[in-house]
Amino acid sequence: MTLDTLPGLRAQLADPDLFREAALIAGDWIARPDMEVADPATGDALGTMPDCTAAETETAIAAAEAAMKDWRARTHAERADLLMAWHDLMLAHEQDLARILTAEQGKPLGEALGEIRYGASFVRWFAEEARRINGTIIPSPVKGKKILAMKEPVGVCAIITPWNFPNAMITRKVAPGLAAGCTMVIKPSDFTPYSALALGVLAERAGIPAGVLNILTGRPEAIGGTLTASAVVRKLSFTGSTRVGALLAEQCAPTLKKMSLELGGNAPFVVFDDADLDLAVEGAMVSKFRNGGQTCVCANRLLVQSGVYDAFVAKLAAKVDALKVGAGTEEGTDIGPMINAAAIEKINAHVEDALSKGAERATAQRDLDARFADPVVLRNATTEMRLAGEETFGPVAPVFRFETEEEALAIANGTPFGLAAYFYTSDMARAFRFGEALEFGLIGANTGAVSHAEAPFGGVKASGLGREGAQEGIEEYLETKAFHLGGL
Ligand code: SIN
């Protein structure tokens, strides 16, 4: 078949082979059209995927276990080279990867390209870190003895990833695991399997051996249940809701797996009277409207001190009114479709609840197709509203008013979640005081961006366990073995 006659998404790719409608198990691509995957902008089917069974999950786990022997025995430099080859292929195919991502997830193409580069940056970072998995030599309390603390791979890892970052959430988990010498069974979201599968194609081309990286598509129950119950799987890394994270933790308890959980957030975004207002508005746009508000680190509650409240709302509303909403493939789109009808329902319910309790729209109301959410700034938000306590996961910016720093801190920390928090001030003493008092894992002071491969990413309280990225990220895939050497 020539490129021109290939149907749908495949026809739009320079390398159509990157679009796979098949699971990757033990080096074999298993194609079975059990389920459809929809384009969130239109609802049309993009393609199909297998709904992998418990038995197929067992096969993938066994393949990962068998592949461990050779993979962990390779030198760190060898694994680093393979990861760098994978990274280079991701960048060489970044346009195709971005197209696949936009088609299944909806975010604008430019943002999708940003995610591919962000995703690749984790692979590069952990390829570099692979050579620095150092142990230590500890002075022994006993003569003639040495104690070595050795770092070893945890083992077979289960990786369960969300739909909002179908590329980067995989690389952020898989790259440190591979660098450490672990092997992987990945379960991408059933809304966005194709970005994961394209990464699988590129991993194969990079020379990562069969069985090291397995990708199971389909509904979560059978796959997740088998992964969590397996005694062979020694670690689970999950990004998603706190409810599902807690459920997975419960399922993993009998086999006592190591766990990394990156869960929900309810980020405060605090603007003090002494802030650079334009910088704060710019930061709010980045933090609130990235991926249409569908990120765990999105500002969920904007708290603005009364002296600059009206000016901030006016500036923010003007920017939000200028945002273009449309299909991610359309030129100039800032906000794409939401992932599904349930997401739109929750967003609308939050806005209606706020309006019924006294909030007012500061932005013009748009008449949009049902797959798209109206980006809105709400003035006069209060802590009685649903959106104060729950993550909206959409383009809704409720602005709360506060008078004092103490009041702002109490509202900001008044949530069971503790992922990201942002604040803007020109007072350095306040920056340290306030930043240290915030009960969150990620703090943005005078910045709305907190996501970089070099920085530890993760939350406290109901936002999860463990850290991804940075030097900490690789530790999550390592065990320490105390090696006592006597008779010296
Ligand atoms: C997330 O929303 O879970 C991840 C966002 C990020 O990495 O910036």
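A polar contact is a pair of N or O atoms within 3.5 Å; within protein, one must be able to donate a hydrogen and the other to accept it, and residues adjacent in sequence count only if both atoms are side-chain atoms. The model is predicted, with local features needing pLDDT of at least 70, side-chain atom pairs counting only at pLDDT 80 or more, and totals for chains, interfaces and linings using all residues. Residues are numbered from 1 along each chain as its sequence is written, and side-chain values use heavy atoms, with hydrogens and water left out.

Q: How far does a polar side-chain atom of Asn164 lie from an oxygen atom of the ligand?
A: Arg172 places a polar side-chain atom 2.9 Å from a ligand oxygen. Cys296 uses a backbone N or O atom, at 2.7 Å from an oxygen atom of the ligand. For the polar side-chain atom of Asn164, the distance to a ligand oxygen is 3.2 Å.

Q: How many helices and strands does the protein have?
A: Both are DSSP runs numbered from the N terminus: helices are H or I, at least four residues, and strands are E, at least two. The secondary structure comes to 16 helices and 22 strands.

Q: Along the principal axes, what box do the C-alpha atoms fill?
A: The box is taken along the principal axes of the protein. Its dimensions are roughly 70 × 70 × 40 Å.
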